[in-house]
Amino acid sequence: MERTYGEKAVLLAEEVVKKDGGMENSRAKKEGLPLFVRDDLPSYSGIATFLKSPYIENPNDIKDLDVVFLGAPFDVGTTFRPGTRFGPESMRSISKLFKTYNFEQGIDLAQEIKMGDLGDIYSIHNIDRYIDQLAGAVSTVLKQGVFPVILGGDHSIAYGTIKGVAESIDGNVGVIQLDRHLDTTPYMMGEKMHDTPLYHAGQLKNVNPENIVHIGIGGWQNDPRAAVGTKERGETVLTCDDVEELGVDKVAEIALEKAWANGVKAVYLTVDIDVVDSGFISGTGWPEPGGLTSREVLRLVRRLAEPGLVGMELVEVSPPYDNNQQTALLGVRIICDTICSLVKNKHLPLY
Ligand SMILES: [Mn+2]
């Protein structure tokens, strides 16, 4: 009989334990209570960097790292519920709950890659200025050969992050966005609000709209003109119904084929947490029922990461509307599962 998933996972756990010095090297075996906690136990203690990775003060001092976490506490691009400026803080604090080992994948991130938290990118409340700040921050990270993970923030930040990626890559960049909303309206109220970033990303000289893929779009909050625009520019739109009818794996396959077409050099992943059904995630700016389930979105990001990514972001977690940090918790999990898939498929370290 084939092994069950549980049996396979336990066999992988054996490998992880071996790499960590065997069963004898168990923290639980160390006796006594230290005066100052400098270990990763207990989980509620310590300073809340993302996954308790070390805080890195100097952004030009990250060459030895493989992944950095950057907070983008910005919600000036919000058009309904505000509060995503507290998103990075909430994801960092709930990430204390996670260990670096994933049971099903049989991978301990701490064994495979070096991670650090670069703190926040801050700018005064001006969208255009913030876009430039973020683009500079992302390219600073990428130019040192490090994988950036941006913790939003509302989705207006995506134009800045994608601009930073595009400026750092010699060749074309593809973009996959998970979102209930197209985010391809050119301007709202004359500004680049959070319903607009994918339109502007598609105007960058090395981002061909034919390599932009939207997954999870649907419901009652989209603009038909934005939809027509995506068609005219040649973008790909996949709905939650597509996920239901074709399955997660097939949708991922279609998305990857489009995002990587025409000799694209790198693909960036932007995840708006509102792609998940509002029943799972109360804490977001524009909640929409009928979205993906938590399990679907996790399988989807793992699949999308299989051929490699150049960076990712998780946006629209709004802690003032969040119940018990559920939304932030799922945001952390989406990030961790994506990174884990990149490690498993040998795309991290980046270069
Ligand atoms: Mn969005």
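Contact here requires C-beta atoms, placed from the backbone, within 7 Å of each other. Axes are lines fitted to C-alpha atoms, for helices over the stretch in contact, and angles run from 0 to 180 degrees between N-to-C directions. Helices (H or I, at least four residues) and strands (E, at least two) are DSSP runs, numbered from the N terminus.

This is a predicted model, in which local features need pLDDT of at least 70, side-chain atom pairs count only at pLDDT 80 or more, and totals for chains, interfaces and linings use all residues. Residues are numbered from 1 along each chain as its sequence is written.

Two strands pair if DSSP finds at least two bridges between them. Strand E9 (residues 266-272) and strand E10 (residues 311-315) run parallel and are joined by 5 bridges. Valine 271 stands opposite leucine 314 in E10.

Glycine 153 sits in the loop between E5 and H5. The peptide bond from glycine 152 to glycine 153 is cis, with omega near 10°. Most residues other than glycine have a negative phi, and most peptide bonds are trans.

Two loop residues have a positive phi without being glycine. Methionine 189 has a phi of about 55°. It lies in the loop between E6 and helix H6 (197-201). Methionine 189 counts as exposed because it has 6 C-beta neighbours inside 10 Å. Asparagine 262 has a phi near 60°. Its loop runs between helix H9 (248-259) and E9. Asparagine 262 is also exposed, with 10 other C-beta atoms within 10 Å. The cut-offs count other C-beta atoms, placed from the backbone, within 10 Å of a residue's own: 20 or more is buried, 12 or fewer is exposed, and in between is partly exposed.

Helix H7 (residues 224-233) is hardly covered, with 1 buried residue among its 10. Just after H7, glycine 234 takes a positive phi of about 90°.

Elsewhere, two helices meet. The axes of H2 (residues 87-94) and H11 (residues 326-344) come within 8 Å and cross at roughly 75°. That makes H2 roughly perpendicular to H11. Angles of 65 to 115 degrees count as roughly perpendicular, under 35 as roughly parallel, over 145 as roughly antiparallel and the rest as oblique. H2 contributes Ser90, Met91 and Ile94, while H11 contributes Ala328, Leu329, Gly331 and Val332. These residues divide into 5 nonpolar, 2 polar and no charged. Ala, Val, Leu, Ile, Met, Phe, Trp, Tyr, Cys and Pro count as nonpolar, Asp, Glu, Lys and Arg as charged, and the others, Gly among them, as polar.

Last, the whole protein. Its secondary structure comes to 11 helices and 10 strands. The radius of gyration is 20 Å, close to the 20 Å that the globule rule gives for 351 residues, so the protein is as compact as a globular protein of that length. This radius is taken over C-alpha atoms, and the rule is 2.2 Å times the number of residues to the power 0.38. Buried residues make up 51% of the 351 residues.

Methods: Contact = placed C-beta atoms within 7 Å.
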